[in-house]
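Let's take a quick tour of a structure together. Have the sequence and the 3D view open, and click along as you read.

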Amino acid sequence: MSDIKIKSKNLNVFYGEKQALFDVNLDLNEKEVTALIGPSGCGKSTFIRCLNRMNDVIDICKVTGNIEIDGIEINDKNLDVVSLRERVGMVFQKPNPFPKSIYDNISYGPKIHGKGESKSELDEIVENSLRKAALWEEVKDRLDEPGTGLSGGQQQRLCIARAISVNPEVILMDEPCSALDPIATAKIEELIDELKKTYTIVIVTHSMAQAVRVSQKTGFFHLGKLIEVGKTEKIFKNPDNKMTQDYITGRFG
Amino acid sequence: MSNEHTVKSYEEELRHLIDSVIKMGSLTESQMVDSMDAIIKVDKDSIDKIIKNDEEINKFRSKIDTQIMTLLVKRAPMAIDLRETISSLKISQDLERIGDLSKSNAKKVKPLPLDLPEELLGNLKRLGDLVLKQLNDVLDSFVNKDFDKAKEVWEKDEQVDDLTYIAMESVIDFLSKDKKNLDFSTHLIFATKNLERAGDHITNIAENVCYLIKGEYLKGNRPKGKVIQE
Amino acid sequence: MTKEERLKKRHSAEKRFRFYGIASIFVALLFVLILVHNIFSKGSSAFMKTAINVEVFFDPELIDVQNGASIDEIMQSDFFDITIETLLKTYPVNDFDQENELIDLFTTDAELEIKSALIDNNNLIGKRINLEITASDDIDQLHKGNYPRDLPEDRRRISNFQLQIYDTLVENKKIVKNFNNYFFKNGDSRDPELAGIGGALVGSFYSIIICLLLAFPVAVLASIYLEEFAPKNKITDFIEININNLAAVPSIVYGLLALQILLATIQLPRSTPLVAGITLALMTLPRIIIPCRASLKAVPPSIREGALAVGASKFQSVFHHVVPLALPGTLSGTIIGLAQALGETAPLILIGMVAFVVDIPSTPIDPSSSLPVQVYLWSESAERGFVEKTSATIMMLLSFLIVMNFLAVYLRQKFEKRWN
């Protein structure tokens with residue numbers, strides 16, 4: 001049984017007048033992959049963006065309720081979001097490497113957090129991150145080339161390496177494979193399998209099959225509410241809630 | 001399960017599959033009726049009908065196999081759809097076996113001996129009727145997704161075993177009276193045994209229907225009646 | 001209408017449209033060609049000046065400096081006599097009038113040119129050398145073919161006697177055309193042959209530098225603040241509308257502003273590149289802010305989010321990632337804004353740069369002129385010699401503008417290549 005890494009309690013999110021999440025209570029286990037599924041606009045992306053306070057950049061977004069990571073409340077106004085984001089990394093739907101060299105993409109994070117004083121230390125961090133993201137062999141001879149020159153799948157792995165470079169504890173992934181071809185997708189899923197040994201992973205996905213393949217726990221969101229959450233196998237073989245079943249069998253109209 | 005799939009063709013494919021199983025079930029039922037008739041009334045027409053139906057049943061078996069392969073590869077069915085698909089596969093296998101058993105019974109039809117006791121035929125008929133009713137009930141439970149009915153069928157297997165024992169005893173009794181009935185009696189012994197095995201397959205079907213509906217297998221061992229020493 | 005007819009109609013409409021487009025381009029190019037030809041044909045002659053080859057004898061009896069004298073000593077001594085003697089040697093004269101006419105053939109600065117020869121090589125006392133002395137403006141124009149010779153004498157600027165001397169000198173190959181270094185070295189002058197854009201050039205240079213140093217940082221920082229950090233409310237909307245409007249305000253209004261505030265109230269020295277620079281900076285501010293803001297807006301939000309997600313603060317995300325990407329557009333806008341400022345005349349006239357300034361300014365608080373204002377001043381003069389200089393100055397201005405625009409394009413491409 002894993003420990004609980006992230007706990008959300010009575011989480012409500014508003015965009016101006018419109019409420020996007022209603023009283024979400026969800027626990028996420030350590031070193032496990034949790035998948036969040038649900039139709040478009042159901043709030044799953046909004047939820048994970050609460051976990052690293054990315055919703056702060058949206059002026060009209062208001063968050064109430066509690067989110068604890070390792071017992072520390074992160075919705076506190078006095079919390080240093082910069083150090084939060086060091087612990088909770090994020091990979092986006094469309095790969096967004098910085099328009100810099102591959103090396104600089106990875107070394108940027110550690111540098112601004114003061115990790116890696118000397119060049120050799122930074123070199124080590126870059127190599128480790130790229131190895132962990134299964135990208136090192138492909139790019140080790142061209143670290144000076146721009147990150148934007150890689151293929152889509154490689155770019156996404158670069159973004160994963162970038163997220164890893166600051167040594168986070170949690171990695172959030174918002175539909176990381178939706179812009180990728182099947183082979184690139186398979187490589188990323190393989191990577192996620194490896195990564196879960198070290199990091200807690202939360203993945204938002206539109207693909208039911210992907211959720212079944214990569215996750216141990218699944219949460220189903222609908223219209224801002226968490227309808228059902230449980231072991232992935234149970235959710236997909238025999239869910240308790242009819243709405244869940246209707247969604248995963250394609251009976252939503 | 002009251003609303004439909006967004007993709008209409010998916011909905012149709014699943015309906016088609018269930019239809020095929022139901023049709024295969026009906027054929028199996030009439031197969032069993034004809035086979036009982038063949039034994040009891042020595043009806044030659046029944047025998048021809050049975051052989052023809054067996055071909056039909058096998059055709060259904062292939063058709064269902066193909067439909068299931070298509071569903072799995074096209075739709076990656078989840079939850080209830082997945083259970084329906086897999087259960088249909090298993091049920092069609094059991095139905096095919098039942099059909100084979102009925103055919104096997106009918107093929108070795110012999111003329112009735114003159115001194116055949118009433119009781120013997122009666123026992124056999126009672127066993128045959130029960131098994132037929134079981135089949136009918138289990139197919140109903142599949143069509144109507146009736147958990148209780150399926151469970152009843154599962155529990156009633158005990159009765160099938162009991163009636164088998166009784167029928168078997170009367171045949172052995174008959175045989176021991178006059179060795180010249182060996183041929184006929186042997187045939188009846190096999191026929192009785194086949195009916196019992198058909199009953200077991202029907203119980204299998206009942207278990208699968210319960211799993212289909214609840215998502216869990218029935219707990220505990222099957223109720224067993226008296227067992228014949230073989 | 002059938003399908004074929006419709007298709008045919010559409011094709012002919014497209015052909016006509018293409019024709020109109022190409023015709024428009026031709027008309028525009030025609031105007032440009034006419035303009036360029038007009039300016040170049042009038043201005044190119046300004047880059048050469050006519051000179052007359054004379055023999056100079058540094059008679060020690062007429063000069064009171066020795067060999068090895070310092071520059072100051074030479075400049076302060078009187079070379080009038082030796083100048084007159086040298087000039088009069090060129091052609092035989094009979095009376096006083098003819099003497100004057102002969103001397104008038106040479107530039108008024110002839111004495112200075114002889115002194116310069118000695119400064120270049122101060123061992124010449126007692127020696128003779130051949131020196132090419134700049135001709136007067138009238139000879140210069142005559143030699144360049146701008147004066148018609150077939151008018152009656154009283155309607156000409158050159159007398160018959162002077163024409164005679166000129167023809168003889170030409171025959172003897174004593175008249176030459178040299179590169180006109182005065183055009184670049186000298187400040188303004190009453191004498192067209194001596195007038196140059198040196199002062200205006202330096203004045204424009206100082207003005208633009210001051211404009212750049214003031215406008216660029218203020219504009220860029222203002223844009224970054226308004227675009228990235230300021231809250232989006234009615235106040236910032238109001239500011240944005242006003243900035244956009246300021247870009248369209250006629251430049252002469254800025255001149256009036258400068259006149260009232262910089263000159264009258266703060267009492268900065270008038271007619272200086274300092275005041276010009278400040279005025280131009282005020283004018284250029286909105287013209288830099290607008291492309292800078294547009295470039296910042298064009299940076300996709302995914303870049304900002306990527307930086308934030310890795311733990312950068314808002315400040316770091318903006319300055320490490322957004323600003324570098326917005327730099328090409330900003331630089332283009334800045335250079336184009338500066339190019340416009342370079343050609344501004346009206347506000348500079350109002351702050352007094354229209355004065356007659358001979359000396360080349362050495363600091364930004366010395367009075368000076370500027371290139372476009374110099375064009376304006378010379379265009380008002382009567383002498384024919386100023387016509388070619390005006391056109392030549394316009395040519396210089398245009399060259400600078402073209403160079404600056406190419407620089408803008410080059411920098412933009414260079415930065416874009418780096419980031420992509």
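What follows goes from the chains as a group down to single residues.

This is a predicted model, so keep that in mind as you read. Chains B and C do not touch, and their nearest C-alpha atoms sit 34 Å apart.

**How the chains meet**

- How many residues does each chain bring to the contact of A with C? Chain A brings 23 residues and chain C brings 16 residues.
- On chain A's side of that contact, α2 (81–87), β6 (88–91), α3 (102–112) and α6 (152–165) each supply at least two residues.
- Sorted by class, that side of chain A has 12 nonpolar, 6 polar and 5 charged residues.
- Over at the other contact, 13 residues of chain B meet 14 residues of chain A.
- On the chain B side of it, α3(B) gives the most, with 4 residues.
- That side of chain B splits into 7 nonpolar, 4 polar and 2 charged residues.

**The sheet in chain A**

- Chain A has an open sheet of 6 strands, with the order β6-β7-β8-β3-β9-β10 and mixed pairing.
- Which strands stand at the edges? They are β6 and β10 (225–231) of chain A, each pairing on one side only.
- Ignoring direction, neighbouring strands of this sheet are turned by 20° against each other on average.
- Take a look at β6(A), which runs parallel to β7 (residues 170–174) of chain A and is joined to this strand by 4 bridges.
- Along that pairing, A:Gly89 stands opposite A:Ile171, and A:Met90 has A:Leu172 as its bridge partner.
- Here's a handy rule: in a regular strand the side chains alternate between the two faces of the sheet.
- In β6(A), A:Val88 and A:Met90 are on one side, A:Gly89 and A:Val91 are on the other, and all four are buried, so both faces are covered.
- Helix α1 (residues 44–51) of chain A lies across β3 (33–37), β6, β7, β8 and β9 (217–222) of chain A, at about 150° to β8(A).

**Nonpolar cores**

- The largest nonpolar core has 74 residues, and the ones with the most contacts inside it are A:Ile171, A:Leu172, A:Ile201 and A:Val202.
- The element that gives the most to this core is α6(A), with 6 residues.
- Zoom in on A:Ile201: leaving aside neighbours within four places in sequence, its contacts are A:Val33, A:Ile171, A:Met173, A:Ile192, A:Leu195 and A:Lys196.
- There is also a second, separate core of 57 residues, which includes C:Ile210, C:Leu282, C:Cys292 and C:Ala341.

- Find A:Thr205 in the loop between β8 (200–204) and α8 (208–214) of chain A.
- Is A:Thr205 buried or exposed? With 24 other C-beta atoms within 10 Å, A:Thr205 is buried, because 20 or more is the cut-off for that label.
- Leaving aside neighbours within four places in sequence, A:Thr205 is in contact with A:Ala35, A:Ile37, A:Glu175, A:Gln210 and A:Ala211.
- A:Cys177 is 28 residues away from A:Thr205 along the chain, yet their C-alpha atoms are separated by 8.3 Å.

**A helix pair in chain B**

- Two packed helices are described by the angle between their axes and the distance between the axes.
- For α3 (residues 79–107) and α6 (residues 182–214) of chain B, the axes come within 9 Å and cross at roughly 170°.
- Angles over 145 degrees count as roughly antiparallel, and α3(B) and α6(B) therefore get that description.
- Residues that meet here include B:Ile91, B:Asp94 and B:Leu101 in α3(B), and B:Ala198, B:His201 and B:Ile205 in α6(B).
- The residues of this helix contact divide into 8 nonpolar, 7 polar and 6 charged.

**The sheet in chain C**

- Chain C has an open sheet of 3 strands in the order β2-β1-β3, with antiparallel pairing.
- At its edges stand β2 (128–134) and β3 (175–179) of chain C; each has a single partner strand, so one side of each has no neighbour in the sheet.
- From one strand to the next, the twist averages 45°.
- Strand β1 (residues 48–57) of chain C is joined to β2(C) by 7 bridges, and C:Ala51 stands opposite C:Thr134.
- Helix α5 (residues 110–120) of chain C lies across β1 and β2 of chain C, at about 140° to β2(C).

Terms used
Residues numbered from 1 in each chain as written. Chains lettered and ligands numbered in written order. Predicted model: local features only at pLDDT ≥ 70, side-chain atom pairs only at ≥ 80, totals over all residues. Contact = placed C-beta atoms within 7 Å. Nonpolar A, V, L, I, M, F, W, Y, C, P; charged D, E, K, R; others polar. Buried ≥ 20, exposed ≤ 12 C-beta atoms within 10 Å, placed from the backbone. Pairing = 2+ DSSP bridges. Axes fitted to C-alpha atoms, helices over the stretch in contact; angles between N-to-C directions. Parallel < 35°, antiparallel > 145°, perpendicular 65-115°, else oblique. Core = buried A, V, L, I, M, F, W, Y, C linked by C-beta atoms within 7 Å.
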